[in-house]
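Colleague: I'd like to learn how to read a few features of a model like this one. Can you walk me through them?

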Amino acid sequence: MKIAIIGTGYVGLVSGTCFAEVGHEVTCLDIDKGKVDRLKEGIIPIYEPGLEDMVRRNYKEKRLLFSSDYRETVIRSEIVFIAVGTPPGEDGSADLKYVLNAAESIAENMDKYKVIINKSTVPVGTGARVQEVVQRVLANRRVDFSFDVVSNPEFLKEGAAVDDFMKPDRIVVGVENETARQMMARLYQPFVRNGHPILFMDIFSSEMTKYAANAFLATKISFINEISRVCEKLGADVEMVRKGIGSDHRIGQHFIYPGLGYGGSCFPKDVKALLDTGKKLDEPMHVLTAVEQVNHEQRKHFFQRMSHFFHGQLKGKKIGIWGLAFKPGTDDIREAPSLDIINALLDSGAFVQAYDPVAENHVRNHFFDRKGLSFASEQYGALDGVDALCLVTEWKSFREPDFEKMKGRMNAPVIFDGRNQYDPDAMRSLGFKYYCVGRKTGA
């Protein structure tokens with residue numbers, strides 16, 4: 001099938017590349033010509049394991065094209081995906097200007113029947129707004145091409161997006177026309193040979209499914225983080241509690257790992273957008289309000305434990321940071337816990353020495369040249385002369401470090417582990433003062 005993807009960000013580039021991988025002819029369009037030129041040269045704007053090789057291979061084999069020409073791209077395609085950003089506004093609502101602008105541009109250039117698919121994360125009712133925009137533009141052009149609008153939300157995990165797309169748990173499609181339904185079934189047929197379903201439903205339900213899924217996962221994270229704080233005060237071990245509740249199949253093990261809270265491009269934005277939807281409908285969402293509050297408090301709580309250790313005197317202390325991306329496997333720092341931790345440390349007068357294998361440049365740009373923040377070229381370099389290490393992102397290389405080397409480079413053997421990577425008893429036996437999330441540390 002001939003496919004167009006409007007937007008070459010995270011969702012658009014991964015989706016387009018994976019469609020090309022199974023044999024579809026895909027054109028990824030972006031209005032940023034410089035970005036398009038870099039993609040043609042194999043320069044990928046995001047870090048995602050496995051993506052770069054797949055992009056280069058499919059581009060070389062001419063199944064994957066890049067363009068900034070709307071007319072040529074739309075005319076060439078049977079199916080047009082809208083995969084542009086929907087950044088949150090000040091009130092938390094999703095900004096749809098890029099989605100609606102894309103819909104307008106599609107309508108201005110379409111020459112026959114098209115299936116127009118919302119892949120961007122959009123509020124319930126956006127499909128109807130896209131429909132109205134396309135109808136208005138076609139009427140202004142005085143042409144009567146038929147089209148269908150479809151909702152097809154993405155459920156990709158950063159750091160595992162290629163695998164998620166190629167082997168999905170499920171594919172959700174909101175569609176209200178049999179022709180479009182058949183085209184979507186054909187489009188995704190190569191991806192569901194593992195027996196996982198394509199779930200066809202109405203467009204409103206499809207749009208709501210995306211928000212409900214992310215909001216529920218965020219709720220699990222905030223729940224276990226709140227439990228971890230109670231465990232700390234009671235002397236219980238949240239790791240034991242996590243195993244105890246996670247072995248109940250109704251709860252499961254996923255997303256109940258205590259830490260520094262959720263971040264990234266999806267959970268914070270989608271929780272805010274759903275809260276805004278509830279507010280507009282006069283249906284206040286009390287659970288999600290608490291979820292967001294707990295997420296903000298978790299980072300403050302962790303920093304306060306660090307401050308308490310130093311008796312509130314962080315000024316002049318040097319703190320090492322391991323991990324800057326919001327999660328391992330990505331260079332994304334949007335809503336990353338590291339940003340809040342670093343801000344709090346610098347505001348307290350501490351010096352921060354940070355390391356991340358892929359996200360350093362983004363953090364440099366975020367903080368510009370703020371005084372007190374420096375970066376190490378390798379993970380042990382971040383420990384030189386520090387008064388404590390704070391582990392923020394659980395990259396694999398941090399799982400089994402050389403602890404004796406660490407002690408030799410640190411000013412004091414103190415670790416604040418925001419991801420519960422290490423065993424408290426083992427750390428004590430190695431001579432570290434060790435503090436983590438919701439566990440008995442004895443330090």
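Colleague: Which strands does helix H12 lie across, and at what angle does H12 run to S13?

Modeller: Helices (H or I, at least four residues) and strands (E, at least two) are DSSP runs, numbered from the N terminus. Contact means heavy atoms within 4.5 Å, and axes are lines fitted to C-alpha atoms, for helices over the stretch in contact, with angles from 0 to 180 degrees between N-to-C directions. Here H12 (residues 286–309) lies across S9, S12 (388–391), S13 (414–417) and S14, and runs at about 165 degrees to S13. This is a predicted model, where local features need pLDDT of at least 70, side-chain atom pairs count only at pLDDT 80 or more, and totals for chains, interfaces and linings use all residues. Residues are numbered from 1 along each chain as its sequence is written, and side-chain values use heavy atoms, with hydrogens and water left out.

Colleague: What is the strand order in the open sheet?

Modeller: Two strands pair if DSSP finds at least two bridges between them. The open sheet has six strands in the order S11-S10-S9-S12-S13-S14, with parallel pairing. Its edge strands, S11 (373–375) and S14 (433–435), each pair on one side only. From one strand to the next, the twist averages 20 degrees. Zooming in, S9 and S10 (residues 351–355) run parallel and are joined by five bridges, and Ile319 stands opposite Val352 in S10.

Colleague: Where does Asp332 sit, and is Asp332 buried or exposed?

Modeller: Buried means under 20% relative accessible area, exposed over 50%, partly exposed in between (1.4 Å probe, protein chains only). Asp332 is in the loop between S9 (318–322) and helix H13 (337–347). With a relative accessible area of 6%, Asp332 counts as buried. Leaving out residues up to four places away in sequence, Asp332 touches Glu158, Ser265, Ala325 and Phe326.

Colleague: Which side chain does Asp332 meet in a polar contact?

Modeller: A polar contact is a pair of N or O atoms within 3.5 Å; within protein, one must be able to donate a hydrogen and the other to accept it, and residues adjacent in sequence count only if both atoms are side-chain atoms. For Asp332 the partner is the side chain of Arg334, at 2.8 Å.

Colleague: And Arg439: where is Arg439 found, and which side chain does it contact?

Modeller: Arg439 is in the segment after S14, and is buried at 16% relative accessible area. Its side chain makes a polar contact of 3.1 Å with that of Asp237.
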